[in-house]
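Trainee: I have a new structure to read and would like to learn it feature by feature. Could you give me the general idea each time, and then the case in hand?

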Amino acid sequence: MNRLTTLFLGFFVTFLFAWLGLVIIPLISFGQLEPQVNPDTGESYPVVRSGLAERGKQVYQASGCIYCHSQQVRPASGGSDIERGWGPRRTVARDYMYDKPPLLGTSRTGPDLSNIGHRQPSAKWHHQHLYAPQSISPDSIMAPYRYLYETRRIQGAPSPDALELPAPYAPAPGYEVVPTEEAKALVAYLQSLDHTYALPEAPLPKE
Amino acid sequence: MMPGDNDAQERAEIDASCRGPVLLFFASAVFWLLAGTLFGLVSSLKLHNPYFLLKLPFTDIYLGALNFGRVRPAHLNAVAYGWASVVGLGVCIWLMARLCRVRLRYPGVVCAAGVLWNVGVLSGIISILLGHGTSVEWMEFPSYVTFILFVSYAMISVWAVDMFVHRKPGHVYVSQWYLMAALFWFPWLYGTANILINITPVQGAVEGIVNWWFGHNALGLWFTPIGIASAYYFIPKVIGRPVHSYYLSAFGFWSLALFYSWNGGHHLIGGPIPAWVITASVVASIMMIIPVVVTAINHHMTLRGHFEMLKYSPTLRFVVFGAMSYTLASLQGSSMAIRSVNKITHFTHYTIGHSHLGLYAFYTMIMFGAMYYIVPRLTGSEWRSSVLIKIHFWACAYGIITMVVVLSIGGLIQGFMLNDPKIPFYPNIINATKPYLIGRSVSGIMLTVGHLAFAYHFLLMLVGMGRDSGGPTLFNQPQEENS
């Protein structure tokens, strides 16, 4: 194997083989999925996110939530995700068809978020949790996302958006903590995370 | 004139031609090593102490750039694209010149490429810290940074191929196959992944596969070949005898080429992609046992009868530590691809332990060994202090062993608890992993000590404060041992 062409041919063929198998064939076979439309109601799944939630997804990416939180539910045979209540069914390729990129995640230092919008629908809860996770879960190791909030002097009437924070986390008297536009978008995104609809390839369990 | 003198003179001329670019790559790599270590340590501390360094020091300003979610990807990218890639490129240029027995022509172009690469990495890290990271693991840099890196990479690989084309007639050594292959595969891999994820994004599930095909093969087809090429060069070089078997070398190389490239899908076991993709990668990952065991046997047989040299030669000790870790990391990786094992280890700190066993205990330790060999030949002076090398070796060896052991145990506990739905996630699982997260920070401090000793020592070499005369700096002097 002393000839450049022979060597390169070997490099080329071995890699081409894998490239076709793991990139090109998946691209052809499930790179063009269509949403599931109910002909009677006109409902389409997965749901297309609102503009605000889509911006929130960018905040999620900018904030590195993915380094502790996954967004995928494994089938019952592959772990206890479903029994834990992280989702009623496994997630499938179609669930992520609008996600560019999908935020599947590889770490569960924190819980899975595939259905966090369903499990925890309250915006108020999310804002308090993002600002001070330990005010809700004292032993939590989650990073507080303070930079997404603004502490400001109350001028006139308090803001309706102001966070209700318990003792050690509350701002000084006369001040209030309000979410920035980014925080509002992020919470809208978290609320949109809901894969509790049925797809033919991933039906919901029978009640 | 003796033929030996001619050879020595030829080597000296080749080393002189590489001096500027290789030292530039090494110096910037050491900078990124320190930066990456700092990011890693800060992330680790934040994971068991979430209020650590939340504000800009001495102010009341909460800064996004200091948040775990940004420092953590800054760590990965600083060590992968800063330290590991840059030191690897430096080693690659030097090895190619030495093995092709040609002088590096127009070293200024390679220097320019090195500067460009560093500009790319620096802007990438700043982008991540400012919140412009993509959150696609291993590909967090925004696409304009990728473009800068690509141009720089093309310049360097063209130069390496040019050396190969103009090589002196004779045998092509096994290290050259690995280096040429890495230089050929990486742009294809990086290009494909960036086009399909960042430039013209495809649908979610396919992106997930491409992401992990890239993430795994950045290790398998970029760092690993450079690491193995170095092991194949330095082990025989230091002990002064040829590689045990040409046949095993070839078999190990081509089986790696065939199997490693199919890895990646097994990062998504249980994930939302068709089962055949996962199964293909699981099989490929198990098949990796073949090249790994073949390479391990080849290195072991080469070393046989010369193990006492590990007591003296820093290069040999670092490289052999790395080569042994390669075997361990790869076999562990194959085991983690088995579905029943993966069910426990997936999503846990066990995986983080595995990645450090690969990129640190294997790759980084070999790169340290390579630098101990190459730098004196470029600066014309010997390493100043065997004590500093000892501190470097033991702090890093104990540090990385501690990290892998602690994360593996913590990860297994986490994995078993996660699979028992009766155990609540909060607070039980969180509290069960905390002691191991603290243990990881302790190991990070040990690594930091080793890196500081090394960086200081390297700086002394760079500013011309190495030892002028005498033989290479060894851990111990062999003659003292004999007396």
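Mentor: Let us begin with overall form: the radius of gyration is taken over C-alpha atoms, and the globule rule is 2.2 Å times the number of residues to the power 0.38. This is a predicted model, in which local features need pLDDT of at least 70 and side-chain atom pairs count only at pLDDT 80 or more, while totals for chains, interfaces and linings use all residues. Residues are numbered from 1 along each chain as its sequence is written, and chains are lettered from A and ligands numbered from 1 in the order in which they are written.

Trainee: What radius of gyration does chain A have, and what would a compact globule of 207 residues have?

Mentor: Chain A has 22 Å, whereas a compact globule of 207 residues would have a value near 17 Å. Taken along the principal axes, the box that the C-alpha atoms of chain A fill is roughly 75 × 55 × 30 Å.

Trainee: How many helices and strands are there in chain A?

Mentor: Helices (H or I, at least four residues) and strands (E, at least two) are DSSP runs, numbered from the N terminus. By that reading chain A has six helices and four strands, and along the sequence they follow the pattern α-β-β-α-α-α-α-β-β-α.

Trainee: How much of chain A counts as buried?

Mentor: A residue is buried if 20 or more other C-beta atoms lie within 10 Å of its own, exposed if 12 or fewer, and partly exposed in between, with C-beta atoms placed from the backbone. In chain A, 43% of the 207 residues count as buried.

Trainee: How many residues of chain B are in contact with chain A?

Mentor: On the chain B side there are 75 residues, in contact with 61 residues of chain A. Among the elements that give two or more residues to this side of chain B are helix H1 (3–48), helix H2 (68–100) and helix H14 (425–462) of chain B. To describe its make-up, Ala, Val, Leu, Ile, Met, Phe, Trp, Tyr, Cys and Pro count as nonpolar, Asp, Glu, Lys and Arg as charged, and the others, Gly among them, as polar; the side of chain B that touches chain A then divides into 44 nonpolar, 24 polar and seven charged residues.

Trainee: At what angle do H2(B) and H3(B) pack?

Mentor: Axes are lines fitted to C-alpha atoms, for helices over the stretch in contact, and angles run from 0 to 180 degrees between N-to-C directions. H2(B) and H3(B) pack at about 170°, and their axes are 9 Å apart. That makes the two helices, H2(B) and H3(B), roughly antiparallel, because angles under 35 degrees count as roughly parallel, over 145 as roughly antiparallel, 65 to 115 as roughly perpendicular and the rest as oblique. The residues of this contact between H2(B) and H3(B) divide into twelve nonpolar, three polar and one charged, and those that meet include B:Tyr81 in H2(B) and B:Trp117 in H3(B).

Trainee: Where is B:Gly133 found?

Mentor: B:Gly133 is in the loop between H3 and H4 of chain B, and it counts as buried because it has 26 C-beta neighbours inside 10 Å. Leaving aside neighbours within four places in sequence, the contacts of B:Gly133 include A:Gln61 and A:Ala62 as well as B:Arg70 and B:Pro73.

Trainee: Which backbone details deserve a careful look?

Mentor: Most residues other than glycine have a negative phi, and most peptide bonds are trans. In this model a cis peptide bond joins A:Tyr45 and A:Pro46, with omega about 0°, and another cis bond joins A:Lys100 and A:Pro101, also with omega about 0°. A positive phi, near 65°, belongs to B:Phe58, and B:Phe347 has a positive phi of about 70°.

Trainee: Are B:Phe58 and B:Phe347 buried or exposed?

Mentor: B:Phe58 counts as exposed because it has 6 C-beta neighbours inside 10 Å, whereas B:Phe347, with 25 such neighbours, counts as buried.

Key:
Contact = placed C-beta atoms within 7 Å.
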